[in-house]
Amino acid sequence: MAKPPAPAQPYRVLARKYRPSDFTGLIGQEALVRTLSNAFATGRIAHAFMLTGVRGVGKTTTARIIARALNCIGPDGKRKEPTIHPCGVCEPCVSISESRNVDVQEMDAASRTGIDDIREIIEGVRYAPVAARYKVYIIDEVHMLSKQAFNGLLKTLEEPPPHVKFVFATTEIRKVPVTVLSRCQRFDLRRIDSAELAAYLATLAEKEKVKIEEGALALIARAAEGSARDSLSLLDQAIAHVGGSGGEGEMITAETVRQMLGLADRGRVLDIFEKLMGGGISEGLTDLQSLYDAGADPLAVMQDLLETTHFLTRVKVAPAAQGFFDGGSGEAKRAAELAAKLSVAVLTRAWQILLKGLFEVRDATRPISACEMVLIRLAYAAELPPTDRLVKDLLDGGAVPAPRGGGGPASSASPRAPVASGATLQARAPLPQGAPTASLRTLEDIVALCEPRSELRVNLEHNVHLVHLEPGRIEIRPTPRAPRTLANDLQTKLTSVTGERWTVSIASQGGAPTLVEQKQAAKTARHEAAAQEPMVRAVLDRFPGAEIVAVRDTVSEDIAVSMPDKDEE
Ligand SMILES: [Zn+2]
């Protein structure tokens, strides 16, 4: 020991040390501060406030600041009015921040939900404050109150004595009865965005003489999910991790924080995603296991995979996208390369699987097992052809029966009919040379014999009405656009493929619609069938002007409905 330690100062956790004592210390809540300032300045202070927002966003802190603002008497004890700038040193200010002011009562509705608890308050409301200007009741998680308790409270809220103020806080504003809400001034405390939070943490780190990388601050801010309090506790943890503050600690790196938070290395998450998308299930699972062994939290891995999917999708639509992977980093480049290989349809499906998986992992008794199951599902899904391909295969395969004038329910063209059946897909495969004549039963069978995009194939699809077909004999009615050589070409093809004699005759009338017409009709029928689905019916009825733009047969989503623009007639 070269130097004696600095005079011992009890270490106070950052969240306490930097708990805002007045409104100026509240970060990210400018709107609230402005509205309250105006109200105080004009002397029109509400009887009841409702603070809402996610956990850790500063509701209780704000409630206490409001209580102080109402009751501050100033350093000299002479202030007669509430102030938006409570002094923080007078007796009311100090006792309120220490939760020991007799006139400021805090109650957690989560543990005291009954009418008896509220009755206590209602009784107390009648008496003037003991010492303070106002009696202030702070009720946290107010949505937890029973119906009876709310009703009891309502009477007081309707005619509150002038010396009483209520400050309610809730994470679930929708569970608060409207009758109560309508008697409160409501403030929505917003989630602090991570850039703002990181900047705030940077100023604190400087004050605390803590050396910390920018990347580490960003990770902490992201993990805190908009909660200033959580971000401060995490920063505390990080400081403890490297051995204290005050300059003697070592630099807090992004890597330190990542380990501390159980976050996986992003490059390795990208590895996993790439392997799974390539169908490499066992490699992906091995990687997951090694991340897990290194301390990564399965839930965090799921979140990172989701972020990865989001990033890749954004890169596809906007190549300069920034975000999860730092621009210019090797990972960002690799991600961009991977994005180029994957379709938006595949990425969208990955997103859905992962999002569902996130909740499964969160609720699982063994998160790592749930995580593995999700990854396996993801890898299998990656091997399926995208939805649009499946529909195209269906239509190309011609497995859809020609509808009769759109009448009837067209049950086989129902939007939920399984499509990716082997039979349908196999029908596309060209018949082997020397196929027996008897296997040619439909025009589609013959089309399947032709080279893709060959002239004969295109003509058979577009320009032929089939009148009759039996082994060795086919009767067709060509459209006016068909080339004159068509019958001859068809005969040559059939004879060469089957090795048997074929007669092709031309009819002047009759015959089935062309294959292209059939596809079109089938598509119309599918739309009509889709429109009959109760769910779709309901959507179409509810949104006048909505129309079915596509009917897709997929595993998860069936029907796309386009909504009219607001100003469209
Ligand atoms: Zn004061």
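Trainee: Why is Cys93 called buried?

Mentor: Its relative accessible area is 0%, and buried means under 20%, so Cys93 qualifies. Keep in mind that this is a predicted model.

Trainee: And what makes Cys87 partly exposed?

Mentor: Cys87 comes out at 26%. The in-between class runs from the 20% limit for buried to the 50% limit for exposed, so 26% puts Cys87 in the partly exposed class.

Trainee: Which residues are the protein donors of the zinc ion?

Mentor: Cys72, Cys87, Cys90 and Cys93, each through its SG atom. They sit 2.2 to 2.3 Å from the zinc ion, and the donor cut-off here is 2.8 Å, so these SG atoms count. Along the chain, the donors follow the spacing C-x14-C-x2-C-x2-C.

Trainee: How do you know that the arrangement around the zinc ion is tetrahedral?

Mentor: Check the angles: the four donor atoms subtend 100 to 123 degrees. For four donors, tetrahedral asks for all angles between 85 and 135 degrees, so the zinc ion passes. For reference, the ideal for four tetrahedral donors is 109.5 degrees.

Trainee: On to α2. What should the 12 residues of this helix span, and what do its end C-alpha atoms give?

Mentor: At 1.5 Å a residue, helix α2 (residues 30-41) should span 16 Å. The end C-alpha atoms are 16 Å apart, which agrees.

Trainee: Which residues of α2 are buried?

Mentor: Leu32, Val33, Leu36, Ala39 and Phe40. They cover an arc of only 130 degrees around the axis, which is why they are placed on the same side of α2. An α-helix has 3.6 residues a turn, so residues three or four places apart point the same way.

Trainee: What do the buried residues of α2 pack against?

Mentor: Against β1 (48-52), α3 (59-71) and β5 (185-188). On the other side of α2, Arg34 and Ala41 are exposed. Just after the helix, Gly43 takes a positive phi of about 70 degrees.

Trainee: Which residues touch the most other members in the largest nonpolar core?

Mentor: Of its 41 residues, Phe273, Met277, Leu312, Leu342, Leu354 and Leu378 do. The helices α12, α13, α14, α15, α16 and α17 each supply at least two residues, and α17 gives the most, nine. Apart from this core lies another, of 31 residues, including Ala216, Ile220 and Leu261.

Trainee: What does Phe273 touch?

Mentor: Leaving out residues up to four places away in sequence, its contacts include Leu305, Thr308, Leu338, Ala350 and Leu378.

Trainee: Why is Leu204 called buried?

Mentor: Its relative accessible area is 1%, and the limit is under 20%, so Leu204 is buried. Leu204 lies in helix α8 and, beyond its sequence neighbours up to four places away, touches Tyr18 and Leu232.

Trainee: Arg457 has a value of 15%; buried or exposed?

Mentor: Buried, because 15% is under 20%. Arg457 is in helix α21, and its contacts outside four places in sequence are Val447, Cys450, Glu451 and Pro452.

Note on methods. Residues are numbered from 1 along each chain as its sequence is written. This is a predicted model: local features need pLDDT of at least 70, side-chain atom pairs count only at pLDDT 80 or more; totals for chains, interfaces and linings use all residues. Side-chain values use heavy atoms; hydrogens and water are left out. Helices (H or I, at least four residues) and strands (E, at least two) are DSSP runs, numbered from the N terminus. Buried means under 20% relative accessible area, exposed over 50%, partly exposed in between (1.4 Å probe, protein chains only). Contact means heavy atoms within 4.5 Å. Donors are N, O and S atoms within 2.8 Å of the metal (3.2 Å for Na, K and Ca); water is not among the atoms, so sites may look incomplete. Four donors count as tetrahedral if all angles lie between 85 and 135 degrees; four count as square planar and six as octahedral if opposite donors are over 155 degrees apart and all others between 65 and 115; anything else is irregular. A nonpolar core is a set of buried Ala, Val, Leu, Ile, Met, Phe, Trp, Tyr and Cys residues joined through side-chain atoms within 4.5 Å. The expected span of a helix is 1.5 Å times one less than its number of residues. The arc is that of the directions from the helix axis to the C-beta atoms.
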